[in-house]
Amino acid sequence: MVKNVKISTEVITLGQFLKLADVIQSGGMAKWFLSEYQVLINGEQEQRRGRKLKPNDLIEIQGIGTFKVVQ
């Protein structure tokens with residue numbers, strides 16, 4: 001099941017998104033989280049917490065779930 005995560009801006013960084021989606025507790029955990037979990041954005045593996053996400057991007061996190069950015 002895909003969980004929609006609403007953003008109020010045109011873009012959001014992956015680190016900010018993980019916090020907004022309640023995947024991590026704080027933005028400081030993003031670097032660690034991305035080194036420990038496989039994160040796919042639109043089917044491509046990503047480890048940069050500064051990666052820009054925009055509406056309709058699909059984020060898949062192994063063992064946690066699938067999220068879609070919506071505005």
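Colleague: Why is tryptophan 32 called partly exposed?

Modeller: Its relative accessible area is 44%. Buried means under 20% and exposed over 50%, with partly exposed in between (1.4 Å probe, protein chains only), so tryptophan 32 counts as partly exposed. Bear in mind that this is a predicted model, where local features need pLDDT of at least 70, side-chain atom pairs count only at pLDDT 80 or more, and totals for chains, interfaces and linings use all residues. Residues are numbered from 1 along each chain as its sequence is written, and side-chain values use heavy atoms, leaving out hydrogens and water.

Colleague: What makes threonine 13 buried?

Modeller: Threonine 13 has 18% relative accessibility, so it counts as buried, given that the limit is under 20%. Threonine 13 touches Arg49, Gly50, Arg51, Lys52 and Leu53, leaving aside residues up to four places away in sequence; contact means heavy atoms within 4.5 Å.

Colleague: How do you know that E6 and E7 pair?

Modeller: Strands are DSSP runs of at least two residues, numbered from the N terminus, and two of them pair if DSSP finds at least two bridges between them. Strand E6 (residues 58-61) and strand E7 (residues 65-70) have 4 bridges, in the antiparallel sense, so by that definition they pair. Leucine 58 stands opposite lysine 68 in E7.

Colleague: Why do E1 and E4 stand at the edges?

Modeller: The open sheet of 5 strands runs E1-E7-E6-E3-E4, with mixed pairing. Strand E1 (2-6) and strand E4 (44-45) each have a single partner strand, so one side of each is left without a neighbour in the sheet.
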